[in-house]
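Please examine the structure shown below together with its sequence.

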Amino acid sequence: MKRVHPRVPTDSVRLTARIISKLLLDPAADAGELYSVTEHQSHLEDMSDGQREGLTDLCRTLELYLGQVSADIHLPSGLTPISLLARVSCNCFSVCDGELQDVGVGLYPSFSLLNHDCRPNCVMVFLGKRLQLRAVRNIPKHEELTISYTDVLAPRVERRAQLQQQYHFFCQCQRCNTEDTDREMLAGDEAVWTTLRDKIPELEKLQTENQWEELLRESEMLLSRHRNAVPDSNVYLLRLLDLAMDACISLDQYQKALEYGSRTLGPYQLYFPDPHPSRAVELLRVGKLQHYLGKLQDAWNTFTQVYDVMKVTHGSGHSLMDEVRRKLGEIEAELRRAHST
């Protein structure tokens with residue numbers, strides 16, 4: 001880290017350095033995978049000049065980060081530092097905790113066999129650093145297993161643009177080829193939701209910087225100003241509600257947080273018809289607020305939904321399921337005490 005200062009190596013640079021170290025120490029380390037690192041697509045030939053320039057800059061940081069080791073690198077045939085970095089950038093996964101907070105990145109070669117779909121039949125969850133693939137609906141024999149490479153809570157044009165930029169393909173899945181797929185996501189006054197869309201990056205920056213008071217002030221101003229112009233099902237207003245809820249929780253304004261969170265549940269159910277970790281986590285956040293505020297029956301109903309979704313998406317052995325079962329037990333006991341009095 002001192003060698004590259006004041007540069008800050010990205011997650012992909014540090015992950016690539018770890019892979020290089022592992023390959024140098026044990027050239028056969030990749031052999032046990034269904035799909036080796038060398039078989040990954042680098043897509044170097046598909047990248048724009050700007051993307052290749054950015055990758056070259058990252059490669060320079062990688063060489064500084066590795067120090068003397070970089071001069072002695074003899075990678076497996078077909079691999080160079082820049083092609084390995086490109087493979088990592090195109091194929092790595094964000095490692096998340098149970099509540100979908102990013103904690104790092106990792107390369108899981110065999111999982112790169114999975115293709116993308118905007119309504120996938122599988123989701124991925126992490127148990128520490130271990131990646132687990134879970135089916136979210138009954139999958140007929142011979143149907144391909146799919147995951148989503150991008151945020152499915154986004155309109156088609158944004159999903160396709162992100163997939164084209166990072167993974168270099170134009171999505172032709174059934175959801176993308178359905179003409180009215182964005183009707184609900186982009187409902188309301190277009191001039192208004194365009195304003196919201198353009199404002200969200202600025203608000204997300206406030207969130208990253210923990211500027212909660214300013215984030216709440218800006219979010220509430222937009223929500224109040226455009227109350228009747230855009231419905232809660234609009235994905236940009238939905239993102240605004242989530243940001244407002246986060247700010248309220250951080251500022252201990254739990255009643256207001258619950259009001260915003262409750263408005264998100266209908267749209268989340270609409271956009272995640274199959275069990276999905278994102279819906280489970282949203283329900284979990286709202287359920288915790290209901291319980292804290294003494295809304296016991298509402299909390300019981302919400303945590304029951306969390307349990308039903310999470311037993312599919314996370315599995316009964318996940319640590320978050322232990323928390324959900326514990327919460328259901330607490331709420332059940334409190335409801336009994338309330339009824340007995």
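The following paragraphs treat a helix crossing, a pair of leucines and the aromatic pairs in turn.

The coordinates are those of a predicted model. The crossing of α1 and α3 is right-handed in sense.

Which residues of α1 and α3 make the contact? On the side of α1 they are Ser12, Val13, Leu15, Thr16, Ile19 and Ile20, while α3 contributes Leu84, Leu85, Val88 and Ser89. Sorted by class, this contact of α1 with α3 comprises 7 nonpolar and 3 polar residues, with no charged residues.

Helix α1 also contains Leu23. The relative accessibility of Leu23 is 9%, so Leu23 counts as buried, the limit being under 20%. In sequence, Leu23 and Leu75 are separated by 52 residues, yet in space their C-alpha atoms are 7.2 Å apart.

The aromatic side chains form a further theme. A pair of aromatic rings is described by the distance of the centres and the angle of the planes. With ring centres required to lie within 6.5 Å, the count comes to 8 aromatic pairs. One of them joins Tyr108 and Phe111, whose rings are 6.4 Å apart from centre to centre, with 90 degrees between the planes; this pair is edge-to-face. Tyr108 has a relative accessibility of 17% and therefore counts as buried. Tyr108 and Phe111 also belong to one aromatic cluster, together with Phe93 and Phe126.

How are the rings of Tyr149 and Tyr167 arranged? Their centres lie 4.9 Å apart and their planes stand at 50 degrees, so the pair is tilted; the edge-to-face class would need an angle over 60 degrees, and the stacked class one under 30. Tyr149 is located in the loop between β6 (146-147) and α4 (156-167), whereas Tyr167 is part of helix α4. The pair therefore ties together parts that are 18 residues apart in sequence. As to accessibility, Tyr149 is partly exposed, with a relative accessible area of 24%, whereas Tyr167, with a relative accessible area of 14%, is buried.

Terms used:
Residues numbered from 1 in each chain as written. Predicted model: local features only at pLDDT ≥ 70, side-chain atom pairs only at ≥ 80, totals over all residues. Heavy atoms only, no water. Left-handed = near helix turned anticlockwise from the far one by under 90°. Helix = DSSP H or I, 4+ residues; strand = E, 2+ residues; numbered from the N terminus. Contact = heavy atoms within 4.5 Å. Nonpolar A, V, L, I, M, F, W, Y, C, P; charged D, E, K, R; others polar. Phe/Tyr/Trp six-rings, centres within 6.5 Å; stacked < 30°, edge-to-face > 60°. Buried < 20%, exposed > 50% of the residue type's maximum accessible area, 1.4 Å probe, protein only.
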